[in-house]
Amino acid sequence: MVQSSASDATDERFADTAWSIVLAAGASTPARAQTAMAELCRIYWRPIYAYLRRSGYSTHDAEDLTQSFFQHLLENETLQRASRERGRFRSFLLGTLKRCLADEHMQQHTLKRGGGMQFISTDELEAEELHHLRADHEAAPDEVHDARWAGAVLERALGKLRAECAAEGKANLFETLSPFLGGMKPHASYQEVADRMNLGLGAVKTLIYRLRQQFASAVRREIMQTVSAPHEVDDELRRLRSVFARVGQQAF
């Protein structure tokens, strides 16, 4: 469970945000723009794809629309008009998608087959389909989108925490204790982990507590990369927790 305590991140750290990637994706230099766009899509295609699937599009149509949507952003200079001051990045992205889908001409001529850029791998697509099949079918498309968005935030935070631990020579510690970071019940008990690590139960509980605190900070940093100002982080955390609970996924 990520706690909504005050962030220890600085405004300087906040300056390196997803909006920075957006601005790079809208750059006039084609190579830089395509690299940034590929990074944006790698991070955020799942929420867009999940929204389309819940809106009634087939697997293949949703895949095509997702890929071509990001291609549309690149080719139509949409991101050059984007600004971090306009609010949350997930809202910007979904609002742009809705406008594209509402434009019949755009659907017929732009949102098809994704141009020459391939953003979604077969393995990732299959994994997302399993999410779709398990999701609460009463959830609205916007809620499913936000739940996938929260999942992407958690995934990136976990990946960065893994890298930080590895850089500190604590890779094995992270792999042993990381099952205690999620909402699901770990397969092993605290005592079993303590025995495996040849540590006392109290020491293991302390290590898990510290790792959870690090994970909470990592999640907050990821959320700061998608909102317009640091003070919006707590509101975004509450929203994403709420939608996770609504669609039946593990809360954080």
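A salt bridge here is a side-chain nitrogen of Lys or Arg within 4 Å of a carboxyl oxygen of Asp or Glu. The model shown is predicted.

View 1. Arg238 is partly exposed at 46% relative accessibility. Asp235 is also partly exposed, at 40%.

**View 2. Asp146 pairs with Arg239**. Their closest N and O atoms lie 2.6 Å apart. Asp146 belongs to helix 8 and Arg239 to helix 12, so the bridge ties together parts 93 residues apart in sequence. Asp146 is buried, at 4% relative accessible area. Arg239 is partly exposed, at 32%.

**View 3. Glu236 is a buried residue of helix 12**. Its relative accessibility is 1%. Beyond its neighbours within four places in sequence, Glu236 contacts Arg88, Arg90, Trp149, Ile223 and Val227. A salt-bridge network links Glu236 with Arg88, Arg90, Asp146 and Arg239.

**View 4. Glu222 and Lys160 form a salt bridge**. The N to O distance is 2.8 Å. Glu222 is in helix 11 and Lys160 in helix 8, 62 residues apart. Glu222 is buried at 4% relative accessibility, while Lys160 is partly exposed at 33%. The whole structure holds 12 salt bridges.

**View 5. The largest nonpolar core has 52 residues**. Those with the most contacts inside it are Leu52, Phe69, Phe70, Leu93, Leu97, Val219 and Ile223. Elements giving two or more residues include helix 4 (59–75), helix 5 (89–102) and helix 11 (201–224). Helix 3 gives the most, with 10 residues.

Definitions and conventions
Residues numbered from 1 in each chain as written. Predicted model: local features only at pLDDT ≥ 70, side-chain atom pairs only at ≥ 80, totals over all residues. Heavy atoms only, no water. Core = buried A, V, L, I, M, F, W, Y, C linked by side-chain atoms within 4.5 Å. Buried < 20%, exposed > 50% of the residue type's maximum accessible area, 1.4 Å probe, protein only. Helix = DSSP H or I, 4+ residues; strand = E, 2+ residues; numbered from the N terminus. Contact = heavy atoms within 4.5 Å.
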